[in-house]
Amino acid sequence: MRLPKVTLVLGGAASGKSAFAEGLVLKADLTPIYIATAQVFDDEMAVKVARHRDQRGNVWATIEEPIALPSALDQIRRGQSVLVDCATLWLTNIMLGHRDIAQDTTDLIAALRSCDGPVVVVSNEVGQGIVPDNALSRQFRNAQGTLNQTIAAEADLVVAVMAGLPLVLKGRLP
């Protein structure tokens, strides 16, 4: 199966988006590379990361990169396909590091365009709930919406996943 240059897989928490995205990458018949953006700050997150790593098994090569995602994408070569899991944690890391969100997003889009292999980006859809009651949460929700829209504009394929079921928003499933 041939993957599009850039695919965005969106969904809520525990929607099945990561499993769906992993399936796309594995069906591409290329060497799968997993770029993990999570940072482990507590025991709960450590358990979650270990569980995900165990579920993926030895098939995947893993790059752990919480901030310099464009640099990680620059390492991808022909014959490889990459899963970025996830843009939401990457954005969280950018915001908590008081970095320039607009510049980091511009750099990410440039890296997606120049990447030598197809890229599947997983991201959370956070804008369908109530308006958060604090300024930081509202800032994050708005920044996440902007990031998702920016990646979606660049993507050839955009899929929303709910209850493990894909709904194509843009393009066609390979």
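How many strands does the open sheet have, and in what order? There are 7 strands, in the order 3-2-4-5-1-6-7, and their pairing is mixed. Strands here, like helices, are DSSP runs numbered from the N terminus (helices are H or I with at least four residues, strands are E with at least two). Two strands pair if DSSP finds at least two bridges between them. Strand 3 (61–64) and strand 7 stand at the edges with a single partner strand each, so one side of each is left without a neighbour in the sheet. From one strand to the next, the twist averages 20°. The angles behind such values run from 0 to 180 degrees between N-to-C directions, with axes taken as lines fitted to C-alpha atoms, for helices over the stretch in contact.

A word on what you're looking at: this is a predicted model, where local features need pLDDT of at least 70, side-chain atom pairs count only at pLDDT 80 or more, and totals for chains, interfaces and linings use all residues. Residues are numbered from 1 along each chain as its sequence is written, and side-chain values use heavy atoms, with hydrogens and water left out.

Now let's walk along strand 6 (residues 157–162). Of its 6 residues, 5 are buried, so strand 6 is largely enclosed by the rest of the structure. Buried means under 20% relative accessible area, exposed means over 50%, and partly exposed is in between (1.4 Å probe, protein chains only). Strand 1 (residues 6–11) runs parallel to strand 6, joined by 5 bridges, and glycine 11 has valine 161 as its bridge partner there. With strand 7, strand 6 pairs in the antiparallel sense, also over 5 bridges. Valine 158 is partnered with lysine 170, while alanine 160 stands opposite leucine 167.

Strands 6 and 7 form a hairpin with 2 residues between them. Alanine 163 sits in that turn, and its phi is positive, about 55°, although it isn't a glycine. Alanine 163 counts as exposed because its relative accessibility is 73%.

Leucine 169 is exposed, at 52% relative accessible area. Together with Met162 and Leu167, Leu169 makes a nonpolar surface patch of about 310 Å². Patch residues have over 30% relative accessible area and no salt bridge; nonpolar side chains (Val, Leu, Ile, Met, Phe, Trp, Tyr) are joined within 5 Å, like charges within 9 Å. A salt bridge is a side-chain nitrogen of Lys or Arg within 4 Å of a carboxyl oxygen of Asp or Glu.

Next, the aromatic rings. Rings of Phe, Tyr and Trp (its six-membered ring) pair if their centres lie within 6.5 Å; planes under 30 degrees apart are stacked, over 60 edge-to-face, and the rest tilted. The count comes to 1 aromatic pair. Tyrosine 34 and tryptophan 60 have ring centres 5.8 Å apart and planes at 90°, so the pair is edge-to-face. Tyrosine 34 is in strand 2 (residues 31–36) and tryptophan 60 in the loop between helix 2 (43–56) and strand 3, so the pair ties together parts 26 residues apart in sequence. Both residues are buried.

Two loops are left to visit. Aspartate 29, in the loop between helix 1 (17–27) and strand 2, has a positive phi near 60° without being a glycine. Aspartate 29 is exposed, at 69% relative accessible area. Finally, the peptide bond from aspartate 85 to cysteine 86 is cis, with omega near 5°; cysteine 86 lies in the loop between strand 4 (80–85) and helix 4 (87–96).

Methods. Areas by Shrake-Rupley, 256 points an atom, 1.4 Å probe, with all protein chains shown as cover.
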